[in-house]
Amino acid sequence: MEDELRCPTCKQLYANPVLLPCFHALCLGCALDIQTPYSPGSALPGAVNGAGGASSVGHNGLHGNGGGAGGGAAAPGTNPNGPGTRHSSHSSAASTASSNTGSESVTSDQDQSDKVSIFSEADSGVVCCSNTSRPVSYAGTGLLPGVGNVVAPPGAAYCLTCPLCRKLVFFDDGGVRNLPTYRAMEAIVDRFCAREALRCQMCETDPKVASLICEQCEIRYCDACRELTHPARGPLAKHTLVKPRGAAQQRESVCGEHEETLSQYCLSCKAPACGLCIGELRHQAHDVQSINVTCKAQKTELSHNLQQLSEKARSTTEFIQRLKGMSDKVTESCMEFERLVHAQCEALIQAIHDRREYLLEAIRMDKDTKIRILKDQQSNCTGKLQQTTGLIQFCIEALKETDSAAFLQVGSMLINRVTNTDMTWHQEVTNAAPRVSPIVDLTLDDAALARAIDNLNFIQMRAPMTPTILPSDCSAENNSVTVAWQPPNHSFVEGYVLELDDGSGGEFREVYCGKETICTVDGLHFNSMYNARVKAFNSAGEGEYSELIGLQTAEVAWFTFDPVLSGGAGSGLIFSKNNATVSVEGWEHRVALGSVGFSRGVHYWEFTIDNYTADTDPAFGVARIDVARNKMLGKDEKSFAMYIDRQRSWFQHNSIHERRVEGGITTGSTIGVLLDLERHTLSFLVNEMPQGSVAFRDLYGVFYPAVSINRGVTLTMHTAMDAPKMDYF
């Protein structure tokens, strides 16, 4: 509560608080400090041409600035009290307020409230105060320079900008002393200060309520501290200990003009008054009520509002407790998740260590195999060398034989052995190579693992993977396609974006964005191949597009009448046979539209005349979506039609009918409509024969099948038909 008791300018507890017309309070000394003299043509404090930043108030464009404490201070020497009275602290405000009594002070609530201007209903941010018994008029004044269209009242001598709401208040020569004393705030501050003054000044922590105060020491003591620090012996025995004074005495408000008790409350002036004031002219014909009754009613209303506010405060307290509890749960959850992530990372590290041991073991096995092969090859070469060396030594000894007969006995054999050994040596030793390479010919494939480690993240913090389109759940019907897809695995998805091309292999465009995994797109072109793709996204980014899927729309259109597009229940049209048949009771023409629109391709449909008993002219053709529903088709610029009777027909557009063609209709006749949007033409057939040449050309845009009928005509529409071959263009 203490913040409510502090002045917005000096930040101290209110001293002699006064009440502004905007119901904000200021210390009287602060109000004297920040009011400034006003003269026509002078710059206003808080205006757009003043120092400091400007801020808008009200709706009339009045601006104020934030210069100085609490919204701009007056220059030295401009205070109406003269130099030396500037309010700078709580104590100085109190002394200033106490010295400014008598003729300068405002002495009654009645007199003060009468001097405060009433608010305008427009709440322009400007209010006026006067020391007369009537508010200063707003009328008949010029514009203030630099503050938009705000008007200064006549006789304005001072002005003040509220530091909180930035509203501008004008005063006459009395200045801020015209403001009423904020008695309720003054009493609350007194009670607050009294409660604080009853605390023991000797308690080191958590001061207790003081039971005595020493008049000589001017120190308050609780019972325990008095026994310890102020015993009743020695020099202290002569000190006088008295009970501390309580809160300020209840003061009764009296009328400053008549010195009578304020016993009534004028509901029109919204001001308290004494009995004599009520009898004066200014309160004649005003609603008056006992001040106690009014006070009780407002206290009851305030208590009720406080009860509601207390309930909200209690709910907010409970909500704060829940938030605190959630904070604890967040901490616990994060710690648990940290342990989980730590365990998962340790498991991954252990898996890498295990894999490292496996790879090292593979290298060691490869080493052992190569060494064994090399040792075997070395052993074989050593045996061959020893065998050859023995043969060489034997041959040398044989060459030493002096007995020719003896030598010739083995000479041929030795020559053959040496020759064969030389030949096999060349094959087995000279041209032989190591059976294995001394280089380890293994390559560790760690690129995928390195990428996986780089991509190791929480799935919520990385872009999602690619969705998978489900061809078995995709379909095309009439001029709509349905695309279904499967969410990506191990991904956090906030939504999907579905894109289609233009049906001719052109650029893709977004047709759906949302959380669903199936989407039907209507209103496409007939006989077109549409390619579809989808991607997922979240707050971290967008994933890759899925593979394309092609969906072929129907070659010919199947449709019916659309009761909603035809005007709804109030149109007077009667639909039957699943909206394929239409009739009407009234004599006024009513337009019925088909359920699909065409913008390209060649389309043909027929009408069968089920009933034709009146002399009327049904009209057949096409129309745009905003065609007039209560006129014959072709009467406005939105429709193109052929209207026909029993003998002849005319083509009609924008109320211009032309090219009469002989040949009419009866019950059982058929009317064919051929819309060729490749050539942008419209033609008609009656009983499968062309009704004249091309009726209309240069048709661009979207067109709906349409017919207009009135009473006596019933017809049925037939669709999904192949277009007839026409021999004219």
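The residue I have in mind is threonine 716, in strand S36.

Analyst: The account below starts at that residue and then moves out to the chain.

The model is predicted, and residues are numbered from 1 along the chain as its sequence is written. Threonine 716 lies in strand S36, which covers residues 713–718. Its relative accessibility is 9%; because buried means under 20%, threonine 716 counts as buried.

Two polar contacts involve the side chain of threonine 716. One is with the side chain of threonine 581, at 2.7 Å. The other, at 2.4 Å, is with the side chain of aspartate 610. Leaving out residues up to four places away in sequence, threonine 716 touches Ala580, Thr581, Glu606, Phe607, Thr608 and Asp610.

For the chain as a whole, the secondary structure comes to nine helices and 36 strands. Of its 729 residues, 36% count as buried. Among contacts between residues at least 6 apart in sequence, 60% join residues at least 24 apart. The chain exposes about 42,000 Å², and carbon and sulfur atoms supply 53% of that area.

Helix H7 spans residues 291–399, 109 residues in total. From first C-alpha to last, H7 reaches 156 Å, close to the 162 Å expected at 1.5 Å a residue. The buried residues of H7 include Asp366, Lys370 and Lys384, along with Leu391 and Cys395.

The chain has zero disulfides. For cysteine 30, the closest cysteine sulfur is that of cysteine 7, at 3.6 Å; a disulfide needs the pair within 2.5 Å, so this distance is too far for a bond. Cysteine 30 is buried, at 1% relative accessibility, while cysteine 513 is partly exposed, at 44%.

As to confidence, the chain averages a pLDDT of 80, and 82% of the residues score at least 70. Where pLDDT is low, the predicted coordinates should not be read in detail.

Definitions and conventions: Heavy atoms only, no water. Helix = DSSP H or I, 4+ residues; strand = E, 2+ residues; numbered from the N terminus. Expected span 1.5 Å × (residues − 1). Buried < 20%, exposed > 50% of the residue type's maximum accessible area, 1.4 Å probe, protein only. pLDDT = per-residue confidence, 0-100. Polar contact = N/O pair within 3.5 Å; in protein donor to acceptor, adjacent residues only side chain to side chain. Contact = heavy atoms within 4.5 Å. Areas by Shrake-Rupley, 256 points an atom, 1.4 Å probe, with all protein chains shown as cover.
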